[in-house]
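Student: I would like to learn how to read a helix and its surroundings from a model. Can we work through a case?

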Amino acid sequence: MLENRGMIQNFYVKLREESKNTGGMNVAVRHIESIIRLSVVHAKIYLRSEVRKEDVEVGIRCMLESFIRTQKHSVAKQIRKKFNSYIS
């Protein structure tokens with residue numbers, strides 16, 4: 001579980017920094033909460049009581065896609081390029 005927390009934390013810090021650098025929409029704590037909720041739901045779909053790394057990856061991917069779509073085209077392009085490893 002600590003690995004999952006670190007994964008979410010690292011992603012959040014990177015996304016927040018990139019968003020600030022590109023002039024994009026701010027990343028807020030609610031984005032972390034969304035990742036956690038999406039991760040838990042993904043685990044429940046597979047009838048697991050514990051959230052695995054793959055669940056967190058799905059939560060990050062879903063939130064990131066949604067976040068990118070709210071950005072201006074130029075900002076979205078930069079963020080998508082920088083975070084491509086999370087999307088693919």
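Predicted model: local features only at pLDDT ≥ 70, side-chain atom pairs only at ≥ 80, totals over all residues.

Student: What span should helix α1 have, and what do its end C-alpha atoms show?

Tutor: Take 1.5 Å a residue: the 21 residues of α1, residues 2–22, should then span 30 Å, and the end C-alpha atoms are 30 Å apart, which agrees.

Student: Which residues of α1 are buried?

Tutor: First the general idea. An α-helix has 3.6 residues a turn, so residues three or four places apart point the same way. In α1 the buried residues are N4, M7, I8, F11, Y12, L15, E18, S19 and T22. They cover an arc of only 140° around the axis, which puts them on the same side of α1. The face turned away from that buried side carries exposed L2, R5, Q9, K20 and N21.

Student: What covers the buried residues of α1?

Tutor: The cover includes α2 (29–45), α3 (53–69), α4 (73–82) and α5 (84–87).

Student: Which residues touch the most other members of the largest nonpolar core?

Tutor: In soluble globular proteins, nonpolar side chains tend to be buried together. Here the largest nonpolar core has 20 residues, and F11, L15, L64 and I79 touch the most other members. Two or more residues come from each of α1, α2, α3 and α4. With 6 residues, α3 gives the most to this core.

Student: What is L15 in contact with, leaving aside its neighbours within four places in sequence?

Tutor: L15 is in contact with V27, M63, L64, F67, I79 and F83.

Student: What follows α1?

Tutor: G23 does, and its phi is positive, near 80°.

Definitions and conventions: Residues numbered from 1 in each chain as written. Heavy atoms only, no water. Helix = DSSP H or I, 4+ residues; strand = E, 2+ residues; numbered from the N terminus. Expected span 1.5 Å × (residues − 1). Buried < 20%, exposed > 50% of the residue type's maximum accessible area, 1.4 Å probe, protein only. Arc of directions from axis to C-beta. Contact = heavy atoms within 4.5 Å. Core = buried A, V, L, I, M, F, W, Y, C linked by side-chain atoms within 4.5 Å.
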